[in-house]
Amino acid sequence: MHIILCVDDRLGMLFNGRRLSRDSALVEDAVKLCKGSKLWVNEYSDGLFSRYGYSVQICDPDFPENAGTDDFCFMEDCDPAPYRDKIGSIVLYRWNRRYPADTYFDAALLQGRRLTGQKEFPGSSHEKITREVYR
């Protein structure tokens, strides 16, 4: 599976169980990135996509366990580390800001992977969002 995460400059993901930011341009980019593949989310992230008019293909509380090899998992509020053996690529959307956070992405998951793609684009709530793909 391929995982998608949103992080700040310190790899923060959540603060008090809430996403650090929401951005319609990021959601649109993620949907385009997954085109032709299944996009899995949990109920928490489904609300983000539906807020901007996108209907995700699969909303499942156990989505990382059930996703296939070529599927994408948008992981906002869960730790991807337990699924490290299933992860084919990691897509990081960087907010390029520092937010208060209490849940962080484990950078050790990037070890042994290399940056294979990078794209910067303006967000609806951020001047610049950076998408990085690690394989």
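Predicted model: local features only at pLDDT ≥ 70, side-chain atom pairs only at ≥ 80, totals over all residues.

Guide: Let's start with Leu11, which is buried, with a relative accessible area of 14%. You'll find Leu11 in the loop between strand 1 and strand 2 (12–15). Its phi is near 70 degrees, a positive value in a residue other than glycine. Leu11 is also one of the residues in a core of 22, along with Met1, Leu14 and Trp40 among others.

That core lies apart from the largest nonpolar core, which has 23 residues. In the largest one, look for Ile4, Leu26, Leu39, Phe49, Phe74, Tyr93 and Trp95, as these touch the most other members. Several elements give two or more residues to this core, including strand 1 (2–7), helix 2 (43–51), strand 7 (89–94) and strand 10 (129–134). The largest share, four residues, comes from helix 1.

At the start of the helix, a side-chain oxygen of Asp23 comes to within 2.9 Å of the backbone nitrogen of Ala25.

If you skip its neighbours within four places in sequence, Tyr93 is in contact with Leu26, Asp29, Ala30 and Leu33, among others. Its contacts also include Ile4, Leu5, Cys6 and Val7, as well as Phe121, Ile129, Thr130 and Arg131.

Technical notes. Residues numbered from 1 in each chain as written. Heavy atoms only, no water. Core = buried A, V, L, I, M, F, W, Y, C linked by side-chain atoms within 4.5 Å. Buried < 20%, exposed > 50% of the residue type's maximum accessible area, 1.4 Å probe, protein only. Contact = heavy atoms within 4.5 Å. Polar contact = N/O pair within 3.5 Å; in protein donor to acceptor, adjacent residues only side chain to side chain.
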